[in-house]
Amino acid sequence: MNLDELKRTYKESLKSMDTEETIDLVFYRPIGFMWAVLCAKLGIKPNAITIASIFIGIAAGILFYFDTLWINIIGMLLLIWANSFDSADGQLARMTKQYSRLGRILDGLSGDFWFVAIYFAICFRENVTSEFFMSLPWLIWVVAVTAGLCHAKQAAAADYYRQFHLYFLKGKEGSELDSVEQLDSVYNATPWKGNFWKKITMFFYRNYTANQEVLTPNMQTLRRTIRSAFGDNIPQQFRDDFRALSRPLMKYTNWLSFNLRTIALFCSLFAQMPWLYFAFEIVVLNAMLVYMIVRHERICKRLNKDIIDGKY
């Protein structure tokens with residue numbers, strides 16, 4: 001593969017310039033691409049990379065338990081490594097056209113495994129190192145559960161808005177946008193016999209998608225209006241208008257995903273106050289989530305009205 005082919009393949013491995021974050025473009029995507037190229041040569045599948053990232057991320061979380069900075073730094077490096085694999089699995093899937101709903105589910109679950117390990121590590125650590133939490137050992141667990149529930153909502157909303165944007169930018173082939181209606185149809189058509197694990201994963205993924213839809217009522221109305229008015233032939237002008245309105249919000253989908261989150265985590269570990277990470281998720285990221293939802297719902301409401309009024 002010559003340099004021009006390498007550049008072209010790298011560009012094709014990206015989701016889109018609309019949805020990529022600066023830190024990813026400068027750091028994670030180039031590293032992920034190198035992993036993806038190596039794995040393609042070795043015949044390693046995207047799902048195998050995802051599973052490897054789960055174990056590396058869990059190992060990182062365990063190292064955050066220790067109240068020793070150099071051990072924490074090793075954990076930080078492992079978490080960065082895990083995320084480079086998380087980038088590589090998607091890039092490899094796009095390079096080799098090995099898309100699957102199972103891969104999307106695994107990719108979404110990988111980060112959940114990392115952060116569950118991180119949450120447990122921080123809770124156990126605070127209960128043995130912090131005088132305040134040692135006197136109220138239940139409190140850090142309440143804070144952690146609250147932060148975890150917020151984290152789940154934040155990540156789900158960010159992913160959903162990103163996929164919705166990609167749907168109008170690249171169409172069905174370039175987006176992983178799903179709906180409960182579609183998933184219910186697939187789930188009900190799949191027999192339990194011989195498909196136990198597929199049915200289980202589909203059940204949880206269906207509920208994950210349902211939670212995304214609950215957060216976005218105006219988006220769901222817009223989707224129904226689009227389907228009724230245009231079917232699959234959405235006018236290019238509408239696509240362009242949606243993209244122009246949605247693009248400024250894509251930075252929030254990235255901030256709510258990994259990079260800003262881990263910067264806050266690493267800062268709290270360097271400060272030797274890991275509980276601050278929970279406060280960051282509950283206060284700062286929730287404020288960002290609410291702002292993003294309100295803005296996006298206004299966009300959807302406006303465009304839905306434009307369709308009904310015959311603008312498109």
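Helix axes are lines fitted to C-alpha atoms over the stretch in contact, and the angles between them run from 0 to 180 degrees between N-to-C directions. The structure is a predicted model, in which local features need pLDDT of at least 70 and side-chain atom pairs count only at pLDDT 80 or more, while totals for chains, interfaces and linings use all residues. Residues are numbered from 1 along each chain as its sequence is written, and side-chain values use heavy atoms, with hydrogens and water left out.

Helix α11 (residues 236-246) packs against α14 at an angle of about 160 degrees, with the axes 10 Å apart; helices here are DSSP runs of H or I with at least four residues, numbered from the N terminus. The two helices α11 and α14 are therefore roughly antiparallel, a term for angles over 145 degrees. The crossing of α11 over α14 is right-handed, meaning that the near helix is turned clockwise from the far one by less than a right angle.

A second pair is formed by α3 (residues 46-63) and α4 (residues 69-96), whose axes are 8 Å apart at an angle of about 165 degrees. Helix α4 has 28 residues and spans 40 Å from its first C-alpha to its last, close to the expected 40 Å, which is 1.5 Å times one less than the number of residues. Lys97, with a positive phi near 60 degrees, follows α4.

The lining of the second largest pocket has 6 nonpolar, 4 polar and 5 charged residues. At least two lining residues come from each of α7 (137-170), α8 (180-189) and α10 (217-230).

Key:
Nonpolar A, V, L, I, M, F, W, Y, C, P; charged D, E, K, R; others polar. Parallel < 35°, antiparallel > 145°, perpendicular 65-115°, else oblique.
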